[in-house]
Amino acid sequence: MTAALCPGSFDPPTNGHIDVIERTSRHFQRVVVAVIANPSKHPLFSLAERQEMLADGLSHLTNIEIDSFDGLLVDFARRAGVTVVVKGLRAVSDFEYELQMAEMNAALAPGLDTMFVTAKPAWAFLSSSLVKEVARFGGAVEGLVPERVATALKERFAAG
Ligand code: PNS
């Protein structure tokens, strides 16, 4: 069974993430979306909140599993029985770091391949960090993130 792993911080998930996962789900029978539990960046949303937001934004797809991991991605990939990692690329600026990670993961786990999906131009400017910054200062993020994420951002920043 062909399976793919879409890992990330997803703090929070954006429409760009949802699009990459949606498109991955058309090409693989099983897609494991793995949320890193403790990203080095201090997350705004808890692991449970990030998983819940992904489950909601991807509820129209039937071949998605939402999971989480700590430590090395290659160890999680082995446990999950997945040999393909799929990442989104927005611009050339993403490529250098993504290439380093892909090569490191391949060196750590020969046989684990990374494939890249190019972001839709409509989402090329979108990042979780920018979305948080806009929401923090009261800007509108509707249309950039799933509805539930927009609501969660509003509530989080209204609460101070
Ligand atoms: O959404 P992000 O922040 O770009 O996701 C980055 C992520 C979680 C995919 C990456 O940081 C990762 O794989 N972390 C796990 C630690 C690891 O395996 N490091 C060595 C591989 S280069």
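Q: How do the residues of the shell around the ligand divide into nonpolar, polar and charged?
A: In this predicted model, the shell around the ligand holds 2 charged and 4 polar residues. The nonpolar group counts 7. The division is therefore 7 nonpolar, 4 polar and 2 charged, with Leu counted as nonpolar and Lys as charged.

Q: Which element supplies the largest share of the shell around the ligand?
A: Two elements, strand S1 (3–8) and helix H4 (92–108), each give at least two residues to this shell. The largest share is 3 residues, and they come from H4.

Q: Which residue has a side-chain N or O atom 2.5 Å from an oxygen atom of the ligand?
A: Among the residues that come nearest to the ligand are Ser-9, Leu-73 and Asn-105. Leu-73 places a backbone N or O atom 2.8 Å from a ligand oxygen. The side-chain atom at 2.5 Å from an oxygen of the ligand belongs to Ser-9.

Q: What percentage of the ligand's accessible area does the protein cover?
A: The ligand takes up the space of the largest pocket. On its own, the ligand has 560 Å² of accessible area. Of this, the protein covers 74%.

Q: How many residues apart in sequence are the parts that Asp-11 and Lys-132 tie together?
A: Side chains of opposite charge can pair when their charged atoms come close. Asp-11 and Lys-132 form a salt bridge, N to O, at 2.9 Å. Asp-11 sits in the loop between S1 and helix H1 (15–27), while Lys-132 belongs to helix H5 (residues 128–136), so the pair joins parts whose separation in sequence is 121 residues.

Definitions and conventions: Residues are numbered from 1 along each chain as its sequence is written. This is a predicted model: local features need pLDDT of at least 70, side-chain atom pairs count only at pLDDT 80 or more; totals for chains, interfaces and linings use all residues. Side-chain values use heavy atoms; hydrogens and water are left out. A residue is near a molecule or strand if one of its heavy atoms lies within 4 Å of it. A polar contact is a pair of N or O atoms within 3.5 Å; within protein, one must be able to donate a hydrogen and the other to accept it, and residues adjacent in sequence count only if both atoms are side-chain atoms. Accessible areas come from the Shrake-Rupley method with a 1.4 Å probe; for residues, only the protein chains shown count as cover. On a 1 Å grid over the protein atoms alone, a cavity is a set of points where a 1.4 Å probe fits but cannot get out, and a pocket is an open set with protein on both sides within 12 Å along at least five of seven lines; lining residues have an atom within 4 Å of a point. A molecule sits in a cavity or pocket if more than half of its atoms lie within 2 Å of its grid points. Helices (H or I, at least four residues) and strands (E, at least two) are DSSP runs, numbered from the N terminus. A salt bridge is a side-chain nitrogen of Lys or Arg within 4 Å of a carboxyl oxygen of Asp or Glu.
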